[in-house]
Each structure stands twice: as C-alpha cells, then as structure tokens.
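Visitor: I am new to this structure and would like to go through it by question and answer. Please show it to me.

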Amino acid sequence: MEIFRFILAALLIAGGLFVAIVACKGMFKFRFVLNRMHAAALCDTLSIMLVLMGLVVACGFNLVSLKLFLIIVFLWFASPVSSHLLALLEVTINEHLHEQCDMTEAKRLCKEKQVDLSEVKKDLAEEEKEAANGK
Amino acid sequence: MSKPRKDYEELKSVRFRRFIQGEREISTEVSMEEFQRQMDKEHEEDERLTYNYLNRPNVEMDPQADAKRFAEITGMKRFHKVYVFMAFVLCICIIGLLIYNVAYMPNYGSADAPTNNEVSEKYLEDGQADTGVVNMVTGMILQYRAFDTFGETHVLFIATCAVMILLFLKGKDEENAPHDPELDPEPDMILQTVARFLVPLVMIFGIYILLNGHLSPGGGFSGGAVMGAGLILYNAAFGFTKTGRFFNEKVYDILKVGSLALYAMIITYCLFTGANDIASIVPLGKVGAILSSGLILPINILVGVEVACTMYAFYALFRKGGF
C-alpha cells in the first residue's frame, strides 16, 4: 500500500515538473507577450497543482494536506485572474497587436456585439485632435 | 465704509492675518482694462517662452562644453578633479575599514562566536518562561528586542510620511484634484467576481497570522502584509469610491498614528517595569493559549495594523495620490 502511494506521489510530482519545464521553455521560445503569458499561466496553475497534489498524497490526509489543498484553491483562483488582467493591459496598450496575432475571432465577436472598431478609432482620433487644438 | 472699520482694516496685523489666510486684497484702483492688459502681457510672455523652447537650437551638446558650463554654474571649476579624487579616496577608505573589521569577526562555527555562546542558549532555554511564547522568534523581536522593533515600526511610519510629502495631492483646485471617477479604469467583471470571494479569505488569513504570532510562525509584520494585500485587492477590484466607505484618509490617520502611539505607550511601560525590576501587571497566562504571553499579542496587533496601513498607503499614493 505504502509503495503505491509513493509511486502515485512521485508520478504526480514528476508530471508537475514536466509541465513546469515545458512552460519555462515556452516562455523563452515564443516571441509575443500573449503567447508567452499563456505558457507562464500554464506553469502557474497546472504544474503547481500537480506538485502540490503529489505532496498531499505523500503526506496523507491531515491538517498539512488540508493547507496544501487550500493553497491549490487559492492559486487556481488568483493566477488565471492575474494573467487575464495582464493580457487585458497588453491588448489595451499594444498598437501593433494585429500584426502579431490573428484577430479574426475578435473581429467576429465585435460584429456580433455590433461594436465597430473603426468608429471607435475615429472617435479617438477626433478626441485627440480636439485636445491638440485646445492646447 | 465707516472710518473706524477702515482704520482697522489698514492695520498691519490685520493685513498680515489676511495674507496668512490667503485672502488676496483686490485693489479697486486698478481698472478692469489695465488688468486685462497685464494678463495679455503675461500671456504673450508665456507664448514667447514656449516658442523659444519649442524652436530651441537642436545642437548636440559637446560634453566638454557641457562639463564647463556645469562647472561654471556650480562653482566647481577649480576643484573639480579634487572632488572626484577625494570621493574616490573616501570610498576606498570606507571599503578598507569594513574589510578590516571583517577580519576581527570570529571564524564561522567557532565556539567563541556570539552566535554560539550563552546568549542564544539563554533565549532558547528561558524564553518560554520569560515571555510565555511558543514561537521564540516573536518572543525575541517583541520582548527581548522590543525597542529595536519599535524603531522598525517608526521606519514604516516615516517612510509613508515621506511618500505622502512627495505624492499626496490635496483636492483644492481642479487640476490637482486627486479623484476623478471618470478616469478610473473600468472595473473588470472577472476580477470583481474573484475578489468578492478572495478578499474575505485573504483578510481572515491575515488576521489568523496576526493573532497566532506568538504560537506559530507569523506575527505582526507578515500578518499586516497579508491584510494590506487584501485591501489592495479590494481597491483594485472595486475602486477608490467603495474603498473610501470604510478606509478613507480619516480612518487611515487614526489607525496609523493611534497604533504607533499605543505601541509607544506599551513600550514605555515595558521599559519602566523592566528597568525598575517591577513585575508587569499583565499576566503571562498559560503557554500555548491564544490569550497568553502578556503584552506580545497587543503589540502584534498594533504592528500588524501599522504594516497594513503602510502597504495600502503606498499603493493608494502611487496610484492616485490620495486615499
């Protein structure tokens, strides 16, 4: 019984390390921020969960494993949200986003919600002009 | 205007008081046209300066000439090289002194070293009986070296004061008004949903660390940092208007100054009783209970409040320049 538990824990931790290594490789291999962020978010969620689950299995069910489980829950809440906010910032401030990634899906969504990107751009340009004239 | 009143208003003290209060005396002798002319003149002057600035000669500054001008302005013309040389010598001297002092330190792991002598033994053996804590680190920093921790808390207080001096914007005129709700970023729904769930957890965890400082690893500094992070998360999700309902400048002032003042009073009491060999009236209690170890628990709470306020103040000041 003990040996099975050990093997299960070892497999989980090894899987987590594998995912972490893949994520590290991805972080340096990709060129653009959003792709790299995808890799980093993978490391934050899946690999840490696998490693911590391995530790939970290894130490059995007691107060320590409950705390480890709470850490997993916290990370699974916090990490994707922080990645989402970072990606949102990138999309907001990056002017050359359409050169770096495929925006067809975003355009389709805009059409469905009847948001015209060109109109938004026109409005922004007019506002800029007004601001320049005012000064 | 009656004569006594006019006399009164021409008194120097009255004028001075008005000047202090910021009331500008509007002279009725200056006509509106003259005033307009003056304003136009100032405006022209401004425009001329701006024009000169925008059309300034775009010449690459010669570094030698630049240095010469700098020397002329600062008056460091003659002794420039001497200053550089002296700075170099001073640096070398300080480095040499420090290295010389290192030579006098005991060898790593030697039996005479202060880390291995009776001081740490005394802390570990008598610590629980002296202070009534389970976590000896807390007992060290809040009982044996309480004065040192008091200084650290002051450092936090002074740091926020310095940041406030530099970044605090008082909302008197519209240009400097710190809060414009329209300029706040649009609240993100995902962040709000998660924050609604996470903020209470983070705060409870911070309070747990804070109150368990004498029983388990933790204490005022770490617990306060977690609580400050919870406040920052709430602010990032819901904005300054909602945070201001329970944590505004007034609350901040009361918490920050109040906790430091209470801490000072407790420390004074501890020093007084310790120096005069009087037994403290606060009982140490049963070792391991949550309400034990005398004054360490209140000190932990005060330090935690101080740290949480510091964290949040830094965030708020750097983001908006106010609370």
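Guide: What follows is a set of questions on the folds, contacts and charged pairs. This is a predicted model, in which local features need pLDDT of at least 70 and side-chain atom pairs count only at pLDDT 80 or more, while totals for chains, interfaces and linings use all residues. Residues are numbered from 1 along each chain as its sequence is written, chains are lettered from A and ligands numbered from 1 in the order in which they are written, and side-chain values use heavy atoms, with hydrogens and water left out.

Visitor: Which pattern does chain B follow along the sequence?

Guide: Helices (H or I, at least four residues) and strands (E, at least two) are DSSP runs, numbered from the N terminus. Chain B has twelve helices and zero strands. Read along the sequence, the pattern of chain B is α-α-α-α-α-α-α-α-α-α-α-α.

Visitor: How much of chain B do buried residues make up?

Guide: Buried means under 20% relative accessible area, exposed means over 50%, and partly exposed lies in between (1.4 Å probe, protein chains only). Chain B has 323 residues, and the buried share of them is 27%.

Visitor: How many salt bridges does the rule find across the interface of chain A and chain B?

Guide: Contact means heavy atoms within 4.5 Å, and here it takes seven residues from chain A and seven residues from chain B. Buried area is the accessible area (1.4 Å probe) that two parts lose on being put together, summed over both; for chain A and chain B it is about 650 Å², with 86% on carbon and sulfur atoms. A salt bridge is a side-chain nitrogen of Lys or Arg within 4 Å of a carboxyl oxygen of Asp or Glu. Across this interface the number of salt bridges is zero.

Visitor: Which three residues supply 60% of the area that chain A buries against chain B?

Guide: The two chains bury about 650 Å² between them. On the chain A side, more of the area comes from one set of three residues than from any other three: Phe77(A), Val81(A) and His84(A).

Visitor: Where do Lys256(B) and Glu306(B) lie?

Guide: Side chains of opposite charge can pair when their charged atoms come close. Lys256(B) and Glu306(B) form a salt bridge (3.6 Å, N to O). This pair links distant parts of the chain, 50 residues apart, with Lys256(B) in helix H11 (residues 249-275) of chain B and Glu306(B) in helix H12 (residues 296-319) of chain B.

Visitor: What is the relative accessible area of Arg5(A)?

Guide: Arg5(A) and Glu2(A) are joined by a salt bridge (3.8 Å, N to O). They are about one helical turn apart because three residues separate their positions in helix H1 (residues 2-29) of chain A. Glu2(A) counts as exposed at 56% relative accessibility, whereas Arg5(A) is partly exposed at 33%.

Visitor: Which helix holds both Asp126(B) and Lys122(B)?

Guide: The side chains of Asp126(B) and Lys122(B) meet in a salt bridge (3.4 Å, N to O). Asp126(B) is partly exposed at 32% relative accessibility, and Lys122(B) is partly exposed at 37%. The two are four residues apart, about one turn, in helix H6 (residues 118-131) of chain B.
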